[in-house]
Amino acid sequence: MQQKIFKGNKVEYYCAALALQGVSNFFKANLFEYFKYDIEAFWNCTKSDMEDFCKKFPDVRVSRTFFSKKKEINPALECENAHKKGYKILTFDDDLYPDLLREIPDFPLALYYKGELSDVNFKKTLAVVGSRKASTNAKESLASIISQMQNTDVTIVSGLAWGIDARAHECAIKNNLPTIAVIGSGLDFEYPSSNKHLYREILDGAGVIFSEYSPGTPPVSYNFPARNRIVTGLSYGTLVAEAALKSGAMISANLTLEQNRELMCIPGLISNPNCEGIYHLIKNGASVITSAEDIFECLNWNFEQNDKKTELSDTEKNVFDTIQIEPQNFDSLSSKLNIPDDELMVCLTGMELKGLIKQINTKYYISN
């Protein structure tokens, strides 16, 4: 029986290609390349075309479900559903499609998105990944580093998950940096529910949310490793803020190396199991990051440091330096610095009002 040829517009073909879930992204990218990036030819691929593809791309494993899944998809309906949901679509042949993303071997043929692409800077992108159960130390270290990039043109890229991802987006927003979230579900899912406010804050500010999943696609676990390749693929380098040896952050770290991008790590407490992956990566060549300046140096970006400590009095500098080494409570600060209690209280209150420090469970921490 002769295969039915669908005739539609380009956007409909791209929406249909995104609906081909369960078909290898690497296979889709190579088949798209075989057809010289012609999405109509890709969608109307015949079994004869596939035989020729196998000869020319012998190292690419052909998806057995490609033809059967295509039969289940109506390109026009996929496109209509996306428009009804308010999705925008960025296709591979669009001039705004990020050049970095074109370079990865399993690039997405298109991406659904919300937000304004003009709000983000694809020329200076930094991926931030890490543990969902991040420690206070990791969150504060990341916040300190991102705060040093305040008002620059760096775009922070992450996955809108719990822990480090959420912290990265929050700090980007707070420090007037554009941010990109790549999610593992349809854009109509604000997942996880605890991050609903963050989803909306990203769109209200200078931010974009990307997804390669069709409307109604739930956030199932196997979507997230595929999502990670886009987070790292969009970025010139990846900063790992905390990672157990077996974790999604380690998957992202390996993807970063496979994509020939810069891998960087924030060192953490050696007693923390979530830092085992960090030290494994450092031992194997990842760059150690303790400041934004380190990141700019690794990526050969221009950087003007904004050092808050230069604005402080001598007493405030002493307090800042002491807390920076390790969080302290009031009594330990008073004892170590030999400052009268009333003077120290005034000092700490002033530093909190300036946003330099904050108090958590009776201890003072460096703020972001």
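Me: Which handedness does the unit of β4, helix α9 and β5 have?

Reply: A crossover is right-handed if, with the strands pointing away from the viewer, the path from the first strand over the helix to the second runs clockwise. Here β4, helix α9 (residues 164–174) and β5 form a right-handed β-α-β unit. Helices (H or I, at least four residues) and strands (E, at least two) are DSSP runs, numbered from the N terminus. The model is predicted: local features need pLDDT of at least 70, side-chain atom pairs count only at pLDDT 80 or more, and totals for chains, interfaces and linings use all residues. Residues are numbered from 1 along each chain as its sequence is written, and side-chain values use heavy atoms, with hydrogens and water left out.

Me: In which sense do β4 and strand β5 run, and how many bridges join them?

Reply: Two strands pair if DSSP finds at least two bridges between them. Strand β5 (residues 179–182) runs parallel to β4, joined by 3 bridges, and S158 stands opposite A181 in β5.

Me: How many bridges link strand β3 and β4?

Reply: Strand β3 (residues 125–129) pairs with β4 over 3 bridges in the parallel sense. The chain passes from β3 through helix α8 (residues 136–147) to β4 in a right-handed β-α-β crossover.

Me: Are the residues of strand β4 buried or exposed?

Reply: Buried means under 20% relative accessible area, exposed over 50%, partly exposed in between (1.4 Å probe, protein chains only). In β4 (residues 155–158), T155 and V157 point one way, I156 and S158 the other, and all are buried.

Me: Which residues of helix α12 are buried?

Reply: In α12 (residues 248–258), they are A249, M250, S252, A253, L255 and T256.
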